[in-house]
Structures are given as structure tokens and as C-alpha cells.
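Hi,

Here is the structure I said I would pass on. Have a look at it first, and my notes on what turned up follow below.

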Amino acid sequence: MAIQDTEEAVLAAEPIKGRSLWQDARRRLFANRAAVTSMVILFIIAALAIVVPNVSPHPYKKDYYDRVACPPPDALNPERGVTQAINWVREGLGYAPAALPLSQAELCPEAVGQGHWFGTDANGRDLFTRTFLGAGVSLMVGLTATIVALFIGVLYGATAGYLGGRVDNYMMRFVDILYALPFIFFVIILMVVFGRNFVLMFVAIGAVEWLTMARIVRGQTLSIRRKEYIEAAEAAGVSNWAIIRRHILPNVVGPVIVFVTLTVPAVILAESFLSFLGLGVQEPWTSWGVLISEGAQQMQSYSWMLIYPALMLSITLFCFNFIGDGLRDALDPKDR
Amino acid sequence: MLRYVIQRLVGAIPTLFLIIVMCFFMMRIAPGGPFTQERALPPEIEKNVLAAYDLDKPLLQQFIYVDSFVCQQRFAMWQTGQPPDAAALSGRGLQYVRGAFRETGGVQREIKCLGGYFGKLLQGDFGPSFKKKDFSVSELIADGAPVSAILGISAILLATAIGVTFGILAALNQNRLQDYSLMTIAMIGITIPSFVMAPILTLIFGVYMGVLPVATWGGGAFNHLILPVTCLALPQIAVISRLTRGGMIEIMRSNFVRTARAKGLPERLVIGRHALRAALLPLVSYLGPATAALVTGSLVIEQIFQLPGIGKYFVTGAIERDYTLVMGVIILYAGLVIALNLIADVVYGLLDPKVRFD
């Protein structure tokens with residue numbers, strides 16, 4: 001009797017819903033306030049990067065000869081902001097306050113009230129438009145190069161780790177060799193060979209960033225390879241390639257996703273470094289790296305040219321790092 | 001362990017060779033050359049310039065060839081013990097053989113007759129710089145390397161000290177205020193690129209406050225080092241503190257730490273003697289390549305602070321196609337990466353009892 005009752009009870013009960021690893025991870029990720037805020041901010045920046053250059057009243061190429069190097073409204077007010085902070089420090093150390101910058105009303109009467117929220121650059125172009133044009137370029141570089149790195153690195157690492165033995169040995173030796181080459185040399189040569197093409201720069205950076213990805217994937221693959229389900233697949237006569245694709249790749253996704261979110265900022269930094277060297281995006285296009293390197297040269301007199309692009313870059317990098325950390329915590333099965 | 005080290009060193013030889021081959025041919029095949037200019041040289045002059053640097057030879061010969069004429073003469077010289085008859089020789093071969101004879105003060109058995117870049121390299125000659133006239137690559141590197149090394153080593157020591165402290169403090173207070181604030185401070189290092197950080201720090205401390213020199217090497221004086229070393233260390237502090245934090249959090253959950261606590265060890269010893277050793281393992285693997293990169297200089301820091309290091313040669317050499325100079329710094333860098341990785345692996349093995357060197 002008792003057995004029948006239990007059976008009925010079991011049949012009558014609601015089926016218990018299993019929570020997959022992914023559902024768990026998503027729940028934990030969305031519980032992480034820093035990561036969620038970062039995603040929202042990134043989304044806003046990306047949206048502005050698409051919208052602003054297209055709808056701005058000041059086209060990104062337009063030189064306003066009467067508004068060269070004009071400060072943004074109110075930014076240089078000595079009563080607040082950076083200038084104030086610097087003067088506090090100086091007074092604290094017993095120095096006289098820094099010389100006040102020219103008031104913008106004297107400097108650029110034309111620019112006031114024209115909506116140059118970030119000021120204008122040394123050619124009189126609107127910095128707000130250009131900052132978000134640069135945002136688009138930088139984010140594109142970040143994503144494209146990361147996808148290239150992801151593609152090469154995952155395939156290479158999974159193949160090496162799965163085949164193992166001598167092949168693995170040689171493949172990883174090759175990675176070691178590339179590791180011992182300075183990154184910047186490699187990128188410069190690639191760009192010299194293939195020309196200073198916009199897209200090729202992305203590919204060149206991606207072609208350098210895949211090494212770490214390959215190592216991570218290989219390590220993961222090596223440990224997965226010993227699992228029973230791979231043995232079962234081998235016994236069933238599944239081909240090597242199919243095992244890599246169907247069984248190994250889905251299982252290395254976790255660490256790879258985390259690494260991707262950390263590669264994007266690394267690539268954006270690499271691009272800005274190349275731009276700083278003058279090897280990056282060319283005029284009239286721009287990127288955060290170009291804007292920052294221009295701004296860094298002018299920072300003493302025209303600090304806004306550095307502050308706004310640098311601030312945007314830093315915010316973006318912060319966001320990617322917070323998302324990466326959040327994902328790592330969310331995907332870590334030990335952390336449940 | 002000695003066996004392991006020797007094995008690794010022997011294994012490094014083909015790696016280094018492949019690196020040299022790859023870079024050499026990549027550089028030479030890339031379009032443009034050291035003497036390509038906006039205004040082309042007159043053909044005769046160009047021919048002479050190219051010949052002077054062996055650039056008119058086929059690519060493989062530029063890499064390595066056996067100078068059979070010099071070989072013969074030197075061999076004869078070694079057999080007879082006499083300098084060769086000047087009448088029998090002419091041109092470059094004569095000077096080369098005679099020079100060698102004078103330098104060694106006699107005849108030696110070694111037959112230095114390999115030519116081409118790699119041939120000279122085997123004899124320890126990095127060649128002349130193509131762009132910086134009157135300087136050999138060895139001289140340029142010998143001048144700049146100490147500067148870069150001092151900066152790099154100071155930066156990595158500073159970064160390790162601060163980064164490890166931050167990482168441990170953050171891990172022990174995981175998900176509390178200290179954790180978040182320390183990690184946010186650390187993260188500044190990787191979110192603000194050095195070419196932004198350097199001018200800002202210069203402006204604040206050098207110009208507005210006037211307490212530190214704005215630029216130049218100043219013979220390596222301490223106050224000249226502060227700003228560049230800080231700029232070099234900041235990104236490393238970020239990475240090191242995150243690595244330490246990650247490793248520490250994982251280790252503090254492990255069984256042997258629980259055992260150590262269970263037997264009543266004070267927390268200080270649990271961390272210092274047991275946990276730290278294991279938690280620093282990921283850091284050890286990271287520090288090898290990171291040190292190699294820092295010690296070979298940074299273009300940005302050298303440019304902004306006007307320091308006479310070697311970091312700039314990686315970029316300017318590649319852009320100007322100063323073949324020998326680029327090869328020189330790349331060989332230096334690759335050798336350092338290989339050596340430091342080996343050291344890192346040995347240290348790893350000493351720290352981790354699970355690793356056996358056989």
C-alpha cells in the first residue's frame with residue numbers, strides 16, 4: 001500500500017525543474033551589481049557610438065576655423081573641477097594657485113552655446129562627436145580582433161590538447177616561439193606587409209592575441225579529454241573533428257568567455273598604443289587612442305582634449321573588467 | 001634538477017634559432033628597406049650602399065654563407081703559420097684575413113669564414129646598425145640596456161611588493177569593503193594606459209607641484225626614477241594583485257589550510273607558512289615573461305620621460321627597417337623570455353611539492 005501511495009504522490013507532484021549550469025551562472029551574474037551596471041554603461045556607450053556620429057549637428061570632419069581648441073562650457077571654471085583640485089593640492093604644499101586658464105568667453109566667443117559639450121580639438125572639430133566616433137572604432141577593433149583571436153586560439157588549442165602527444169608538443173612549441181617575439185614587432189611587420197588597412201589592423205592584433213587563448217583552451221581540453229564521455233564517443237567511432245566540435249568545445253566555453261571579456265580591453269589598449277605611435281587609424285577617422293595621444297600633447301593648455309577621451313576609455317575598460325570578474329565568479333562551479 | 005635545466009637549455013637552442021630565422025626573413029621580405037627614401041638615390045650610389053651592407057645578395061646568402069675565399073686563406077695561414085702573401089690577395093678578403101691575424105697575435109685554429117647575418121652572429125657579432133651610422137648594434141644595446149634594466153627591475157620589485165600585499169589583503173576580506181576598494185585601486189593600473197598616466201603624473205608632480213624632475217635620466221638618480229618606475233609598475237600592480245587574490249581565495253578553501261587551522265596554528269602562520277606559498281604559484285608563472293617585457297624597456301615611457309633605454313628600438317627599428325638593430329633587440333628579448341620562463345618553472349617546482357623534475 002505504502003509503495004503505491006508513494007508512487008501516486010510522485011506522479012502527482014510537479015516535476016522538479018533542474019537548474020542547468022547556465023541558468024545558475026546567469027542568475028549569479030545578474031545578482032552581481034558591478035557587472036550589471038557595467039553592462040548597462042557599455043550598452044549606452046555602444047549605442048551612443050552608433051547614434052552620435054550620425055545625428056550630431058557637428059559632423060566629425062567639419063573644421064570650425066573660428067572655434068579652434070575651445071573648452072567645453074563650464075569645464076575650466078576655476079571654482080570647480082580639476083582646476084580646483086589642483087589648486088587645493090598646491091595650496092596645501094604652500095605654492096601659489098596655478099595660473100588661471102583663459103576664460104572661455106574670451107577664448108572662443110563663437111563656441112559658447114553651440115553644443116560643443118566636450119569642447120573642440122586643435123582643428124576646431126567637435127570633440128563630442130569625435131569621441132563617440134572613436135568609441136565606435138575602438139569597440140569595433142576590440143570586438144573584431146577578439147573574434148579573430150577567439151577563432152584561431154580555440155581551434156588551435158582544442159586541436160593540440162585533443163590530439164596530444166607529439167602533435168601537441170610541436171604545436172605548443174610553435175606557440176612558445178611566437179610568445180618569445182615582442183608583440184609590437186609582430187604587429188608592425190604585419191601592418192607593413194599588408195598595408196595600413198583599417199580591417200587588417202584588427203586582424204593583426206587578433207593574430208597576436210590568440211596565443212594565451214590557445215594555451216587556456218589546450219589546458220582545458222587536456223583535462224576534459226580524460227573524461228568518460230569522450231571515451232564513449234571514441235568507442236562509438238565518432239571522428240576526431242566531431243568530438244572536438246560536439247564534445248570538447250562546448251565544455252571549454254566557460255573559461256573562454258571570461259578570457260574574451262578580458263581580451264577586449266587588452267585589444268582596445270593595444271590599438272590605442274598603436275595609435276599613440278602613429279600607426280593606428282588615419283584621419284579623418286579617429287579612435288580613443290588617437291584622441292588621447294593628441295590630447296596628451298596638449299594637456300597643459302587644453303586639458304579637455306585628454307580628459308574626455310581618456311575618461312571614456314577608462315570607463316569602458318573598467319566595465320569590461322568588472323564583467324569579466326562577474327562572469328568568472330558566476331561560472332565558477334566551486335562558488336555555488 | 002640539473003638535468004632538467006640542461007634539457008631545457010638544450011631545447012631552447014632550436015627555439016631561439018627558429019625565432020631568429022622567422023624574424024630575419026619576415027623583416028627582409030616585408031616591403032621597403034633601410035635605404036628606401038622619399039627621394040630615390042641615384043642608381044649607382046644605391047648599388048654601392050646595398051653592396052656595402054650585403055643587401056644585394058640573394059636572401060639566403062644574406063642570412064648565412066661560407067666565404068670560401070677567406071676560408072682558404074685562413075686555412076693556409078693556419079697551416080703555414082705565416083700571414084698570407086699580400087700579392088696573392090686583394091680587396092676585402094685581404095683586410096679581413098690580415099686583421100684577424102693582427103688581432104689574435106698569430107694564427108688560431110678557428111676559421112672565421114662564415115658570412116651573412118647568422119654567420120656573423122655565430123661569431124658574436126650583431127653587426128652594424130643600418131640607420132644609426134657609426135654605431136654597432138652591440139654598442140647601442142650596451143648603452144641602453146642598463147637603463148631599461150634598472151627601470152624594469154625596480155618596477156617589477158615595486159609592483160610585486162604592492163601587488164602581493166593588495167592581493168592578500170583583498171583575498172582575506174573577500175567581498176567586503178577592503179576587497180572592493182583595493183581591487184578598484186589596483187584596476188586603475190590597467191584601465192588608464194601608461195601614455196595617459198605618465199603625462200598626468202608629470203603634470204601634477206613635475207609641473208604643478210614641482211617636486212620631481214619632469215624627464216631625463218639624470219644618471220639614474222633616485223628622484224629621476226620615481227615617475228617612470230611608478231608608471232611602469234601601475235599596470236603590473238593591477239595584474240599581480242588580481243592573480244594573488246585569485247590564488248589566495250582558492251587556497252584558503254583547500255583542505256590543507258583547514259588542517260593547519262584545525263591543529264590550532266595562528267592565522268599568521270597559516271597564511272605565511274602554508275597558504276602563501278601555494279597561492280603565489282600562478283604569480284610565479286606570470287612574472288617570468290612580465291619581467292622580460294619590463295626589463296627590455298617601454299617605448300612610451302622612454303619617449304615621455306626622454307630616457308635612453310632600448311625599448312624604442314623595437315618600434316623605430318621595425319619601422320625604419322634597421323634590420324640588424326631589430327634583430328639584436330629581439331634576440332635579447334627572446335633570450336630573456338626563455339631564460340626567465342626557465343627560472344620561473346624552476347621556482348615553481350621548488351614551491352610546489354607536486355612538481356618533479358624528471
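From the N terminus on, chain A runs α-α-α-α-α-α-α-α-α-α-α-α-α, which comes to 13 helices and 0 strands. Bear in mind that this is a predicted model. Chain A has 336 residues, and 40% of them count as buried. If you take the contacts in chain A between residues at least 6 apart in sequence, 74% join residues at least 24 apart.

Chain B has 16 helices and 2 strands. Its length is 358 residues, with 36% counted as buried. Of the chain B contacts with a separation of 6 or more, 71% are between residues 24 or more positions apart.

Chain B also splits into domain 1 (36-128) and domain 2 (137-351). The contact between these two takes 4 residues from domain 1 and 5 residues from domain 2. On the domain 1 side, the residues that touch domain 2 are 3 nonpolar, 1 polar and no charged.

Now for the contact between the chains. Chain B puts in 31 residues and chain A puts in 34 residues. On the chain B side, the elements giving two or more residues are α1 (2-29), α8, α9 (194-208), α15 (311-320) and α16 (323-351).

Next, the core. The largest nonpolar core has 160 residues, and those with the most contacts inside it are Ile205(A), Ile292(A), Val326(B), Val329(B) and Ile330(B). Helix α6 (residues 127-163) of chain A gives the most to this core, with 17 residues. Where does the core lie relative to the two domains of chain B? Domain 1 (36-128) and domain 2 (137-351) both give residues to the core, so it lies between them.

Leaving out residues up to four places away in sequence, Ile292(A) touches Ser272(A), Leu306(A), Pro309(A), Ala310(A) and Leu313(A), plus Phe195(B) and Val196(B) from chain B.

Back to α8 of chain B, which was on the list for the chain contact. This helix (residues 177-191) has 15 residues and reaches 21 Å from its first C-alpha to its last, close to the 21 Å expected at 1.5 Å a residue. Its buried residues are Leu182(B), Ala186(B), Met187(B), Gly189(B), Ile190(B) and Thr191(B). What covers them includes α13 (304-331) of chain A, along with α7 (137-172) and α10 (222-252) of chain B.

Most residues other than glycine have a negative phi. Asn175(B) is not a glycine, yet has a positive phi of about 60°. Asn175(B) sits in the loop between α7 and α8 of chain B, and is exposed, with 10 other C-beta atoms within 10 Å. Gln306(B), another residue other than glycine, has a positive phi near 50°. You will find Gln306(B) in the loop between α14 (299-305) and α15 of chain B. Is Gln306(B) buried or exposed? Gln306(B) is exposed, with 11 other C-beta atoms within 10 Å.

Cheers

Methods:
Residues numbered from 1 in each chain as written. Chains lettered and ligands numbered in written order. Predicted model: local features only at pLDDT ≥ 70, side-chain atom pairs only at ≥ 80, totals over all residues. Helix = DSSP H or I, 4+ residues; strand = E, 2+ residues; numbered from the N terminus. Expected span 1.5 Å × (residues − 1). Buried ≥ 20, exposed ≤ 12 C-beta atoms within 10 Å, placed from the backbone. Contact = placed C-beta atoms within 7 Å. Core = buried A, V, L, I, M, F, W, Y, C linked by C-beta atoms within 7 Å. Domains from an automatic or database assignment. Nonpolar A, V, L, I, M, F, W, Y, C, P; charged D, E, K, R; others polar.
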